[in-house]
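Thanks for coming, everyone. Let me put the structure up and walk you through it.

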Amino acid sequence: MKKIIVFSFVIISIACMFAWSSNAIRAQEPEQPTNQEIQQAKKEYTLTLDDYRTKERRFIVAREQYRQLQTLASLEEVVKASKEVQLARIDTLISYFKNLTLQVSPLRGADITQKNLQLDKLDGALVSLTQLRQTVELADDRVRLDATSLVYDEQHEIYTNVAYSSLILVRIATIQAANDQLGSLTAQVFDSIKSASPSATILAEKQRGYDELSRTIVQIKEALFEATTRYTEAALQDSFSASTYTNYSQYLQPAFTKLKQGESFIKELAK
Amino acid sequence: MNTENQTQFMEDQLLWQEQQPTSVSPVMNNAQELPVKPPMSKVKKIGLIAVAVFGALLLLMIVLMMTMGVGEGGLSLLPAQPSPTPSAQHLGEFDQAFKLLQQDIQAADPSINEFPYPPVSKQLFIVEQ
């Protein structure tokens, strides 16, 4: 009976340790957004952008009227429109950066340090926009609203930098993740071929196909390594913009073409 | 004569018994000294069985969790993240993995940018700065 008690105690202890360690590991992992969360965030972004466009048109009309009429009534109208459009602009950007956070956080192919650094930058942009929103809410005259508008203009470059550095990281990481998957699948397909014990001629043919596919995967890895190095250097200087994104898209295009070729090769290998 | 012999034998026997040491064998002695175990109570027995069953169930659960994977909502019979690359014997079974690979490759197209910076204006000043 004593043995049963000791045995049960050991089992329970192991189970508790296992549960504790698995919880600890899970706690370290960042929360993965669900598909529903992503779709909801996209919908919110579209709505805020539509709202911004409407309010921007209204502001431009009000400003034009004020410039022509130069009355206090028209000034009152344009002040009100200015506040509304500035708040709508901030809401659009907050929604946009939330979407980018949802894109960056689940990235599988990204370097963990780069990913965390980027998430910190996105968080910083969100904090800055929230603070600006509070300032705009308190502003109630022409001078203050023009001042808050100027603050946004000064921050604009920082926001675009965070946005495009996030988008480039997403591009590099998605190619990396697809290439990793291609590599893993290639090894498994070839193992499966070998386990089927084909004739020497077929095996030699498959081996050649496997070697070619492996070379393709290595070439993609090399291209991605170069892209990541360039990205890291650019990140140190915070020099990302729409044109930088276009350059990276072109730069990554050959790696993507190779990836498509790899997909075609692996399907052929498996036949 | 026979009766005399029998009597003599009995006397010799008694004498011999008197001459023998009175102590019993060590084994017997120990057996006599051991305390008699009281019978285990029913409650204790049931408790011990319950602990043993609980332990066995926990072990089974751990084995299940390790072999079948744990889903987001608890124990699941399917892996939480199904492997896109099943170790199949037949190549046809890679079809699902190929579909997933195709989806990942399509998502990796660098020419697609579904989230450019929002087209918001700068210089929204009431009076020209």
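One term before we start. When I say salt bridge, I mean a side-chain nitrogen of Lys or Arg within 4 Å of a carboxyl oxygen of Asp or Glu. Also keep in mind that this is a predicted model.

Asp91(A) and Arg133(A) form a salt bridge, and their closest N and O atoms are 2.7 Å apart. Where do the two sit? Asp91(A) is in helix α3 of chain A and Arg133(A) is in helix α4 of chain A, 42 residues apart, so the pair links distant parts of the chain. Asp91(A) is partly exposed, at 25% relative accessible area. Arg133(A) is partly exposed too, at 21%.

Next, a pair within one helix. Glu212(A) and Arg215(A) form a salt bridge, with the closest N and O atoms 2.9 Å apart. Both belong to helix α6 of chain A, and because they are three residues apart, about one helical turn separates them. Glu212(A) is partly exposed, with 35% relative accessibility. Arg215(A) is partly exposed as well, with a relative accessible area of 45%.

Arg67(A) is partly exposed, at 30% relative accessible area. Glu128(B) counts as exposed, at 61%. As a general point, side chains of opposite charge can pair when their charged atoms come close.

Now let's step back to chain A as a whole. Chain A has seven helices and zero strands. Read along the sequence, the pattern is α-α-α-α-α-α-α. Of its 271 residues, 42% count as buried. Look at the contacts in chain A with a separation of 6 or more: 80% of them come from residues 24 or more positions apart.

Lys55(A) gives a local example. Lys55(A) sits in helix α2 of chain A. Its C-alpha atom is 8.6 Å from that of Ser82(A), which is 27 residues away along the chain. Which residues does Lys55(A) contact, leaving aside neighbours within four places in sequence? They are Glu84(A), Val85(A) and Ala88(A).

On to the core. The largest nonpolar core has 78 residues, and those touching the most other members are Tyr96(A), Phe97(A), Val189(A) and Tyr117(B). Which elements each supply at least two residues of this core? From chain A they are α2, α3, α4, α5, α6 and α7, and from chain B there is α4. The most comes from α5(A), which gives 19 residues. In general, nonpolar side chains tend to be buried together in soluble globular proteins.

Take a closer look at Tyr96(A). Setting aside neighbours within four places in sequence, Tyr96(A) is in contact with Tyr45(A), Ala163(A) and Leu167(A), among others. The list also includes Phe115(B), Pro116(B), Tyr117(B) and Pro118(B) from chain B.

That brings us to the interface. In contact there are 51 residues of chain B and 69 residues of chain A. The area buried between the two chains is about 5300 Å², and carbon and sulfur atoms give 67% of that. Which three residues supply more than any others of the area that chain B buries against chain A? They are Phe115(B), Tyr117(B) and Ile126(B), with 18%.

What about charge across this interface? The rule finds three salt bridges between chain B and chain A. Asp104(B) forms a salt bridge with Arg108(A), with the closest N and O atoms 2.9 Å apart. The count of residue pairs in polar contact between the chains is 19.

Last, the side of chain B that touches chain A. The elements giving two or more residues to it are α3 and α4 of chain B. The most comes from α3(B), with 10 residues. By type, the residues of this side divide into 35 nonpolar, 11 polar and five charged.

That's my tour. Over to you.

Note on methods:
Residues numbered from 1 in each chain as written. Chains lettered and ligands numbered in written order. Predicted model: local features only at pLDDT ≥ 70, side-chain atom pairs only at ≥ 80, totals over all residues. Heavy atoms only, no water. Core = buried A, V, L, I, M, F, W, Y, C linked by side-chain atoms within 4.5 Å. Buried < 20%, exposed > 50% of the residue type's maximum accessible area, 1.4 Å probe, protein only. Helix = DSSP H or I, 4+ residues; strand = E, 2+ residues; numbered from the N terminus. Contact = heavy atoms within 4.5 Å. Buried area = accessible area lost by both parts, 1.4 Å probe. Polar contact = N/O pair within 3.5 Å; in protein donor to acceptor, adjacent residues only side chain to side chain. Nonpolar A, V, L, I, M, F, W, Y, C, P; charged D, E, K, R; others polar.
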